[in-house]
Amino acid sequence: MENKNLKGKTIIVTGANRGLGKAMTYAFAKMDAFVYMICRDPIMGKQVEKEFIDQGLNVGLKIADLEKIEDIGNVYNEIAAEKEYVDVLINNAGVNLEEPETRIENLDLNILKRTMDINFRGLLYTCQKFLYLLKNAPEARIINFSSGLGQLTVPRMGYYPGYSISKTTVNALTKNLAYELKDTNVKVFSMDPGWIKTRLGGPEAPLEIEEGIDTTIYLVTEPAENLETGEFYKERKILGW
Ligand SMILES: NC(=O)c1ccc[n+]([C@@H]2O[C@H](COP(=O)([O-])OP(=O)(O)OC[C@H]3O[C@@H](n4cnc5c(N)ncnc54)[C@H](OP(=O)(O)O)[C@@H]3O)[C@@H](O)[C@H]2O)c1
């Protein structure tokens with residue numbers, strides 16, 4: 001992955017039908033990678049897949065609701081039947097289901113459970129399932145979408161406690177998994193895209209989608225020896241936890 005030609009690489013992007021996931025799918029397919037788009041909504045997924053295929057890009061749609069473990073297993077089986085290995089897994093799909101006034105003291109446990117099931121459990125199971133195909137690659141990377149709200153070593157930047165805790169948990173997963181895989185070909189990163197104008201980020205966000213995917217492009221295209229596994233990246237640099 002020394003240059004920005006990703007021909008021959010297979011990349012999986014979860015939550016690929018809109019926001020940062022759609023933009024990353026486009027960017028990597030433009031670099032000649034084959035990109036599996038994992039989407040929850042089949043209608044929107046098919047629309048976006050067609051939009052990209054009409055532009056001559058190599059993408060393949062797979063449908064999974066990451067809240068449902070069996071969906072992840074089914075998508076894994078489909079991809080394993082088509083590919084001997086996967087080079088990059090981008091765990092981008094995520095939700096913030098909380099109202100701005102949510103605090104720990106009024107946090108709804110059902111909303112917390114859904115948030116953790118999607119942002120953490122689904123992400124963890126996706127890693128578990130695809131590890132075999134990643135280990136088969138000559139050199140592989142897992143990129144976990146976290147958030148500045150998941151950081152523990154800085155002053156709080158906002159509320160959304162359940163979302164924040166789910167992202168801190170993603171960071172803990174990155175650290176643990178990177179340690180387990182330290183002697184393998186698979187590097188594992190967390191990243192914070194910044195505050196980006198998407199449905200999740202909202203219209204007040206200062207940054208555009210292209211700025212939000214820059215660090216992912218870096219983590220996918222930079223030579224492996226320049227990247228530290230088990231670290232948390234933002235703006236192409238290692239961020240504190
Ligand atoms: N935007 C920001 O300011 C910001 C800041 C820090 C971190 N992030 C992180 O960046 C990632 C991408 O966010 P975004 O801003 O691009 O958000 P977005 O525009 O709201 O897109 C979220 C994507 O995740 C998918 N998704 C949600 N729940 C899913 C599920 N159960 N199964 C499968 N897919 C699911 C959505 O699919 P549907 O269309 O089916 O809902 C959508 O494709 C998230 O992990 C987010 O936490 C974003």
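What radius of gyration would a compact globule of 241 residues have, and what does the protein chain have?

## Overall size and fold

A compact globule with 241 residues would have a radius of gyration near 18 Å, and the protein chain, at 17 Å, agrees with this. The radius is taken over C-alpha atoms, and the globule rule is 2.2 Å times the number of residues to the power 0.38. This is a predicted model: local features need pLDDT of at least 70, side-chain atom pairs count only at pLDDT 80 or more, and totals for chains, interfaces and linings use all residues. Residue numbers run from 1 along each chain as its sequence is written.

The protein chain holds seven helices and eight strands, taken as DSSP runs (helices H or I, at least four residues; strands E, at least two) and numbered from the N terminus.

## Ligand shell

The ligand has 29 residues around it, and Gly15, Gly19, Gly94, Thr198 and Gly201 come nearest.

## Positive phi in two loops

Most residues other than glycine have a negative phi. Tyr160, with phi near 45 degrees, lies in the loop between strand 5 (140–145) and helix 5 (161–180). Tyr160 counts as buried because it has 21 C-beta neighbours inside 10 Å. The cut-offs are 20 or more other C-beta atoms within 10 Å for buried, 12 or fewer for exposed, and partly exposed in between, with C-beta atoms placed from the backbone.

Glu235 has phi near 50 degrees and lies between strand 7 (231–234) and strand 8 (237–239). With 13 such neighbours inside 10 Å, Glu235 counts as partly exposed.

Key. Near = placed C-beta within 6 Å.
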